[in-house]
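Take a look at the chain below. This report walks through a few of its residues, one group at a time.

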Amino acid sequence: MKARWLVSGVALLLLACGGDHPRDAGVVAGNEPLSGTTWRLLAFTDTPAVPIEGEVTLSFITDSTFAGGAGCNRYFGGYHLVAADSVALGPAGSTMMACPGALMEQEARFLSALATVGRFGLQGDTLVLEGPRGPALSFLPATSPP
């Protein structure tokens with residue numbers, strides 16, 4: 001009797017751990033076109049042009065992680081493509097160094113905007129990340145001149 005309960009329990013555990021999870025439904029195979037480029041923040045596109053202090057970068061890595069520099073601290077997280085123009089970003093973690101006030105405010109604004117991203121688009125060589133209220137951040141490849 002105990003063996004039957006044990007086998008049933010293991011079977012239920014395997015069923016719960018295996019198969020398609022709802023959060024994985026619709027995930028696009030591979031992470032193109034985002035992976036393979038390091039992007040440099042060009043602008044916060046939801047407000048009038050504000051000069052970017054420090055270098056803010058974003059890289060989508062082929063193992064479904066993202067990372068970069070937020071001007072002062074390094075940040076990182078996970079992501080997956082949901083559709084050809086939709087991306088789901090996990091929460092970002094970051095280092096916790098203190099920097100001058102304006103740079104810290106910009107960094108907080110950047111990480112906050114990044115947390116809202118759900119769509120992306122490429123316009124020429126510019127990557128535009130969109131939140132629920134439309135375009136939020138635009139980037140150029142880091143190898144492009146500022």
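## A buried asparagine

Asparagine 73 is buried, because its relative accessible area is 3% and the cut-off for buried is under 20%. The model is a predicted one. Asparagine 73 sits in the loop between strand 3 (65-69) and strand 4 (74-83).

Asparagine 73 is then in contact with Gly68, Thr95, Met96, Met97, Met104 and Glu107.

## The chain as a whole

Step back for the overview. The chain has 146 residues, and 33% of them are buried. It holds 2 helices and 9 strands. Read from the N terminus, the elements run α-β-β-β-β-β-β-α-β-β-β.

The accessible surface of the chain is about 8,700 Å². Carbon and sulfur atoms account for 64% of that surface. Contacts can also be sorted by distance along the sequence. Take those between residues at least 6 apart: 51% of them join residues at least 24 apart.

## The disulfide

How many disulfides are there in the chain? The count is 1. The bond joins cysteine 72 to cysteine 99, with an S to S distance of 1.6 Å. This pair links distant parts of the chain, 27 residues apart. Cysteine 72 lies in the loop between strand 3 and strand 4. Cysteine 99 lies in the loop between strand 6 (93-94) and helix 2 (101-115).

Why is the disulfide of cysteine 72 and cysteine 99 right-handed? The torsion about its S-S bond is about 70°, so the disulfide counts as right-handed.

Proline 100 is also in the loop between strand 6 and helix 2. Its C-alpha atom is separated by 8.9 Å from that of cysteine 72, although the two residues are 28 residues apart along the chain.

| Residue | Relative accessible area | Class |
|---|---|---|
| Cysteine 72 | 13% | buried |
| Cysteine 99 | 24% | partly exposed |
| Proline 100 | 59% | exposed |
| Tryptophan 39 | 5% | buried |

Cysteine 72 is buried because its 13% falls under the 20% limit. Proline 100 is exposed because its 59% is over 50%. Cysteine 99, at 24%, is partly exposed.

## A hairpin

Strand 4 pairs with strand 5 (residues 86-89). The pairing is antiparallel and runs over 4 bridges. Which residue in strand 5 stands opposite leucine 81? That residue is valine 87. The two strands, strand 4 and strand 5, form a hairpin with 2 residues between them. In a regular strand, side chains alternate between the two faces of the sheet.

## A buried tryptophan

Tryptophan 39 belongs to strand 1 (residues 38-44). Is tryptophan 39 buried or exposed? Tryptophan 39 counts as buried, because its relative accessibility is 5%.

Leave out its neighbours within four places in sequence. Tryptophan 39 is then in contact with a list of residues including Leu34, Val56, Leu58, Leu122, Phe139 and Pro141. Asp125 and Thr57 are also among them. Threonine 143 is 104 residues from tryptophan 39 along the chain, and their C-alpha atoms are separated by 8.3 Å.

Methods. Residues are numbered from 1 along each chain as its sequence is written. This is a predicted model: local features need pLDDT of at least 70, side-chain atom pairs count only at pLDDT 80 or more; totals for chains, interfaces and linings use all residues. Side-chain values use heavy atoms; hydrogens and water are left out. Buried means under 20% relative accessible area, exposed over 50%, partly exposed in between (1.4 Å probe, protein chains only). Contact means heavy atoms within 4.5 Å. Accessible areas come from the Shrake-Rupley method with a 1.4 Å probe; for residues, only the protein chains shown count as cover. A disulfide is a pair of cysteine sulfur atoms within 2.5 Å. Two strands pair if DSSP finds at least two bridges between them.
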